[in-house]
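Trainee: Could you take me closely through the way the helices pack in this model, and then through the charged pairs that go with them?

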Amino acid sequence: MLNGKIIENVLCAALCKGGDFAEIFVEDKYNSNIKLVGGLIENNMSGRDYGVGIRIIDKLNCIYAFTNDSTEENLIKVAKEAASALQNASIDLKLNFMKSDITNYNPIKIMPSSVEKKKKIDLMKKGYEAAKSYDSVISQVIVNYLEEEQSVLIANTEGLLAEDRRVRTRFSVGSVASKDGEMQQGSYGPGASMGFEFFDKINVEEVGREASRIAKAMVYADHCPSGVMPVIMDNEFGGVLFHEACGHSLEAAFISKGTSVFTDKLGQLVASPLLTAIDDGTMPNEWGTTNIDDEGTPTKRNLLIENGVLKSYLIDKLNGKRMNMESTGSGRRQSYKFAPTSRMNNTYIAKGDSNLDEIISSTENGLYAKKLDGGSVNPATGDFNFAVMEGYLIKNGKILKPVRGATLIGNGLKVLELIDMVGNNLSLGQGMCGADSGSIPAGLGQPPLRVKSLTVGGRMGDE
Amino acid sequence: MAYRELINKIFNKGKEKMEDLEVYIESSKQIEIKIFKGEIDKYSISESGGLSLRGIHNGKMGYSYTEKIDESSIDMIVNEAYENAKYIDTEDKEEIFKGSDGYKEINSYGEELSATSIEEKIDLVKKLEIEALSLDERVTSIQQCGYKEFDKSRYIVNTKGVDLSDRLNGAGIYIVVIAKDGDDIKTGMGFRMIRDISQIDYKAIAKEAVDEAISSLGAKPIRSNSYPSVIKNLVFADLLDSFISVFSSDYIQKGMSLLKDKVGTKVASPLLTIVDDPYLKEGFIRGFDDEGTKTTYKKIIDKGVLTTYLYNWKTAKKDGVESTGNGARGSYKSSLSISPTNFYIEKGNNTFEELIESIERGVYITDVAGLHSGLNPISGDFSLSASGYEIIDGKINRPINQITIAGNFFEVLNNIDAIGNDLKFGFPNLGYFGSPSIKLNNISVSGE
C-alpha cells in the first residue's frame, strides 16, 4: 500500500523532535450498504475510505495525526507537524523491517464485491418477505445488507511491518409490529468475518422471521414490572452482560490510570467461582476476529477470569508501557482517524453445567431476558445498564407472560459475584462497540445464566 | 474553490451515464487535546475529508463516496453511483434541488478560536485539571480532561445550479472527575462549548464537575414508586435528541412514528413549545441545509400543538409540501436524511428553585445512561438507568443512584407540569439540542 522507503522516511520525520516510538497505519476500505424499506430498495451507498494515521509516543504521551493525502511529501509534512509538539533532539533511525508472518483465522471464499448486487438484493427481498408475511401485526420491515473489505498496513520504529485484510458481511432485519395504536420492534442481525459464503451459513428467511417473532411477542406484551429480582439471561447477545458489566472495565486504558474498579485486582477472586470469561481474537470467522490487532500485534486467546479469579486485562502497547506489561493483542481502532487503544475482540463467558430449563424451573419469581439490546458502563464506578429487547416474567418456575420495556442496571463487581447458575450451551452474538477509539465490530457471547438479584427497571405494574 | 476542476471532471464523466448530478464535499480540520496528571496524554491533529456523488439514472438516485479526493477516484465514484442507482426501486422520487431564492448572509466562523494559539488551548485544559483536583480532597483522579476543536467546510455543487459553500468552527472543553469516599466511587462532569477561549471560566467548569461528584457520594436507591420529578435541563435535552426521529417526516411516512396524522392536534402540554432555529445565535448557524435548501426558523410544537414535521425535498414531495430545510447528510458517507438544526424547548417562567420547591416528595433526575439502547423511538417507551436526588418538602434531601426511570415519551410530553427558565444545550450531535429543566407530574422509578 506504501513502499518501504516512504514508510521509513515518514517514520524518521515523525521522530525528528525525539520520542520513543512512531507508527504508521494505512487503511484502504471498500464499503457497501444496501437498505430495503417496505419491500423496495430505498438506498444503495458504496464507497472507499482511505487514509493514513501517524502516531508518536514520547514516554507515556501520545501524539496522533491523520490525513487522506498519502503522497510522500504530505505524509512527511503531517509527521513533522505532529512531531512539532515535542522539543527533543532528533533520533537517528535505521530501520530494518521484518515482515510479520500472519496466521489467517478468517479464510474468505467469495469476496463480497465480486458478487453482483442483484444476488444481494434477492436475498434481502427473501428476508423481507419472510418477515412481512410472518404475521398480520407486522406493519413495517427494514432490511440492511452490509459488506466491507478493509486492508491495513501497519509499520513502526520497532521494525514491525504487517498487513492484514478484514472482510465482513452482515445481514439484519428490523420488524415493526403495530396493534391498537401501539408499535414495538424486533431486530436480528447476524454478521461474520466472512465473504458471501456467509449466506450458506445463515438462512435469511429465518433471520426475517426471528425479527418479526420478537416484534409480535412484544406488541402483545405488558409493561415489565419494576423491582429487584433474579434475572436469567439467555445465550448469544446475552453476552452484553459481561461486555458491559466487566469487559470495558478490564481495558488497560482505565486500568493503567487507576480509573477502573478492577485496578490492582489481578489474582484476586472478583467473581462467582462459576464464572470463567475469555476474550479471543482468533476464533475462526467470528465477527470480532482479526489476525493482528490495529498495532500489528497478533491477536490471542486471553483468559480474563478463571473460576472467579482475575487473570488478565486487555492491553494495547501504550497502556502496556504504562503498566509495564505486554500487549495482549487488544489494540483496536475504528479507522485511520483514531489512535488505537485497548478493546475487546470476541468476549464470552465459558459454558457451565446447567441447562436453560433447569435454570428457569429453579427460579420461583423473576425475569427471563431472552434477547438483550445494547448497554453502557461507567468504568470508574462499574455502574452498568442494558436493555431487554424480549423478556418474559417467570412465576413458580414457569414462563408466565411476555413483558417489554425493561432495563437492567447494576454494578460490575457486584453482579459477577451474584451469578449463581451457568448453562451449558454457549453461543455468540455480534455487536458494534463504541468507545475512545471509535466504533468497532465486537463479538460477545455466553451460555444462559442466572444473576441472583438485579434491579429491573420497568414501569410500575400490578406484579 | 480548489475542487472546481475536479467537480467539473466528475460532472463531465457522470453526464455520460446519468441525468442530474451533485457533489457534496466535506473537508475538516480537527484538534484534540487530552491531559492526564498535568501532561499531554493525547494530542491529535488532522486534516481530512470526503467527497460524495449522487446522480440520477432513469429517475432513480444512486450514491457513492471516496476519501481519496483526486482524479484517480473519478471512474470509481461515477461507476458506483450509476450501478447503485440501477437497483433502486422505491417509488419515492428523490431529485436534485435547483436552489432557493435569497439565502441569508451569515457568518458561522469564529475568528477568535482559530487565532488562539495551541499553547493557550493546552494551558486551559491543564488549568482545568489542576483546578478540579484542588477543590476537594475526595477528588482522587480525573477520568477525562480534554479539548476538541473542529473547523469544517462544506461544498454543495450540482448540475441544476446550486453552488454553495460555508465554513463552521467550534470547540468543546470537558472534564470528568472521580471522587472517592471509602469504597464509594462517584463521577461528575463539566463541559462548555467554546466560541471564544477568553470567555471560558474554567473554574466554573471544574466546580460543576466536582460538585456533581461530591454531592452524589453516599447515593443509595430510593423505593420503587411513581414520583413527581424535575428532569435536569441537559438530561431532557438528551431525551429530545434520542427521540428526534418521531418528528421526522421520513419516519412518519414509513409508519415508524406515532405522530403520524397528528399535525394540527394537541400532542403535548400547552406549556410546551419546541423550536428548530438555524439562526440561533448561541447555536450552530447554517444558512442552507445539505441539499442546498434555505433554512428557516419554525416552531415544531406550538403551545402543545404539533405544527409540522421536519422535511427534506424527497419527503416533502411525497406529502405535497415544501422542504423545511432539514435535508441532512450525516456525512459524505451517508445518503440524504433529515436532521434538525438547533432544536430546543422554549424556556418557561419558573426558576429552577421554584420547580424543586413545588415538590413535596419526589425526585430530581440529573443523569441518565443507556440512551442508545434503553429507549424505543418507535413505541416511545423508555427505561433508563438514572441518578439524582430525593426531594422532600421542596428541598433536595439526599443523593440517589442505581435506579431507573421509565415512561413513554409521548405521555411525558403531556405530563409536563412546569418548565424552568434555565435553557441549556448539550453536546452537539447531528443537531444541537437544548432544554430548560422540566417538571413532570410523575415518573415511574424503579429502585429498592
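Mentor: What follows goes helix pair by helix pair, and then turns to the contact between the chains and to the salt bridges.

Please keep in mind throughout that this is a predicted model.

I begin in chain A with helix 3 (residues 117–132) and helix 5 (residues 204–219), whose axes come within 7 Å and cross at roughly 40°. Angles under 35 degrees count as roughly parallel and those from 65 to 115 as roughly perpendicular, and helix 3 of chain A and helix 5 of chain A are therefore oblique to each other. The crossing in which helix 3 of chain A passes helix 5 of chain A is right-handed. On the side of helix 3 of chain A, the residues that take part are A:L123, A:K126, A:G127, A:A130 and A:A131, and they meet A:V204, A:E205, A:G208, A:R209 and A:S212 in helix 5 of chain A. Sorted by class, the residues of this contact of helix 3 with helix 5 of chain A comprise four nonpolar, three polar and three charged.

Still in chain A, the axes of helix 1 (residues 4–14) and helix 2 (residues 72–83) come within 7 Å and cross at roughly 20°. That angle makes helix 1 of chain A roughly parallel to helix 2 of chain A, and the crossing of these two helices is right-handed. Helix 1 of chain A contributes A:I6, A:N9, A:V10, A:A13 and A:A14, which meet A:E72, A:L75, A:I76, A:A79, A:K80 and A:A83 in helix 2 of chain A. By class, this contact of helix 1 with helix 2 of chain A has eight nonpolar, one polar and two charged residues.

In chain B, helix 4 (residues 118–134) and helix 5 (residues 202–215) pack at an angle of about 40°, with their axes 9 Å apart, and helix 4 of chain B and helix 5 of chain B are therefore oblique to each other. Helix 4 of chain B passes helix 5 of chain B in a right-handed crossing. Here B:L124, B:K127, B:L128, B:E131 and B:A132 in helix 4 of chain B meet B:Y202, B:K203, B:I205, B:A206 and B:V210 in helix 5 of chain B. The residues of this contact of helix 4 with helix 5 of chain B divide into seven nonpolar, no polar and three charged.

Between the chains, 75 residues of chain A are in contact with 76 residues of chain B, and the two chains bury about 6000 Å² between them, of which 49% is on carbon and sulfur atoms.

Side chains of opposite charge can pair when their charged atoms come close. Between chain A and chain B there are 10 salt bridges, and A:K125 and B:D89 meet through their side chains in a salt bridge at 2.4 Å, N to O. Over all chains the structure holds 62 salt bridges. Within chain A, the side chains of A:K317 and A:E158 meet in a salt bridge at 2.8 Å, N to O. This pair links distant parts of the chain, 159 residues apart, with A:K317 in helix 8 (residues 317–323) of chain A and A:E158 in the loop between strand 5 (138–156) and strand 6 (160–179) of chain A.

Notes
Residues numbered from 1 in each chain as written. Chains lettered and ligands numbered in written order. Predicted model: local features only at pLDDT ≥ 70, side-chain atom pairs only at ≥ 80, totals over all residues. Heavy atoms only, no water. Axes fitted to C-alpha atoms, helices over the stretch in contact; angles between N-to-C directions. Helix = DSSP H or I, 4+ residues; strand = E, 2+ residues; numbered from the N terminus. Parallel < 35°, antiparallel > 145°, perpendicular 65-115°, else oblique. Left-handed = near helix turned anticlockwise from the far one by under 90°. Contact = heavy atoms within 4.5 Å. Nonpolar A, V, L, I, M, F, W, Y, C, P; charged D, E, K, R; others polar. Buried area = accessible area lost by both parts, 1.4 Å probe. Salt bridge = Lys/Arg side-chain N within 4 Å of Asp/Glu carboxyl O.
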